[in-house]
Amino acid sequence: MSDSVETKSKTDYLRDVTSQLKEMRHYAQTNTETLSSHWLAFDAGEYKDKVNADRVDALLNKQGKLLEDLDAAIQDIEIEINHSEQES
């Protein structure tokens with residue numbers, strides 16, 4: 001039995017992480033849009049329900065923070081990748 005596990009370079013690993021974070025960001029954006037439509041329905045739309053509007057608004061704020069944090073992480077890792085590639 002062979003133990004030939006290929007180890008990626010740090011730069012390749014960072015590229016993989018960045019790709020996964022970008023995918024997560026895409027789904028987070030979709031979730032934000034869905035929450036926004038629910039918030040509108042509860043806040044000013046057909047279901048006018050302040051309690052649920054406030055709940056969805058709180059989730060929307062948390063989701064917005066997640067989007068910001070994902071963007072910052074992606075940007076930081078991409079900068080690290082660029083520095084790593086320039087050093088090579």
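Contact here means heavy atoms within 4.5 Å. Helices (H or I, at least four residues) and strands (E, at least two) are DSSP runs, numbered from the N terminus. The model is predicted: local features need pLDDT of at least 70, side-chain atom pairs count only at pLDDT 80 or more, and totals for chains, interfaces and linings use all residues. Residues are numbered from 1 along each chain as its sequence is written, and side-chain values use heavy atoms, with hydrogens and water left out.

Select helix 1, residues 10-43. Helix 1 contains 34 residues, and its first and last C-alpha atoms are 47 Å apart, close to the 50 Å expected at 1.5 Å a residue. The expected span of a helix is 1.5 Å times one less than its number of residues.

Next select helix 2, residues 50-87. Its 38 residues should span 56 Å at 1.5 Å a residue, and the distance of 55 Å between its end C-alpha atoms agrees with this.

At the N-terminal end of helix 2, display the side chain of D49. D49 caps this end, with a side-chain oxygen 3.2 Å from the backbone nitrogen of V51. A polar contact is a pair of N or O atoms within 3.5 Å; within protein, one must be able to donate a hydrogen and the other to accept it, and residues adjacent in sequence count only if both atoms are side-chain atoms.

**Second stop: the buried faces**

Which residues of helix 1 are buried? They are T11, L14, V17, T18, L21, A28, T32, L35 and A41. Buried means under 20% relative accessible area, exposed over 50%, and partly exposed in between (1.4 Å probe, protein chains only). These buried residues of helix 1 pack against helix 2.

On helix 2, select A53, V56, L60, Q63, L67, L70, I74, I77 and I81, which are buried. The buried residues of helix 2 pack against helix 1.

**Third stop: the nonpolar core**

A nonpolar core is a set of buried Ala, Val, Leu, Ile, Met, Phe, Trp, Tyr and Cys residues joined through side-chain atoms within 4.5 Å. Select L14, V17, L21, A28, L67, L70, I74, I77 and I81: these nine residues make up the largest such core. Helix 1 and helix 2 are the elements that give two or more residues to this core, and helix 2 gives the most, with five.

Centre the view on I74. Apart from neighbours within four places in sequence, I74 is in contact with T18, L21, K22 and R25.

Move to K22, which is in helix 1. At 44% relative accessibility, K22 counts as partly exposed. Its contacts, leaving aside neighbours within four places in sequence, are I74 and E78. The C-alpha atoms of K22 and A73 are 9.8 Å apart, although the two residues are separated by 51 places in sequence.

Which residue meets the side chain of K22 in a salt bridge? The partner is E78, at 2.7 Å, N to O. A salt bridge is a side-chain nitrogen of Lys or Arg within 4 Å of a carboxyl oxygen of Asp or Glu. E78 lies in helix 2 and K22 in helix 1, so the pair ties together parts that are 56 residues apart in sequence. E78 is partly exposed, at 30% relative accessible area.

Select K10 and E80, whose side chains form one at 3.0 Å, N to O. K10 is in helix 1 and E80 in helix 2, so this pair ties together parts that are 70 residues apart in sequence. K10 is exposed, at 57% relative accessible area, whereas E80 is partly exposed at 33%.

Now select D12 and R15, whose closest N and O atoms are 2.9 Å apart in a salt bridge. The two residues are three apart in helix 1, separated by about one helical turn.

**Last stop: the loop and the aromatic pair**

Select G45, in the loop between helix 1 and helix 2. G45 is partly exposed, at 25% relative accessibility.

Finally, display F42 and Y47. Rings of Phe, Tyr and Trp (its six-membered ring) pair if their centres lie within 6.5 Å; planes under 30 degrees apart count as stacked, over 60 as edge-to-face and the rest as tilted. The structure holds one aromatic pair. F42 and Y47 form this tilted pair, 6.4 Å centre to centre with 55 degrees between the planes. F42 is partly exposed, at 22% relative accessibility.
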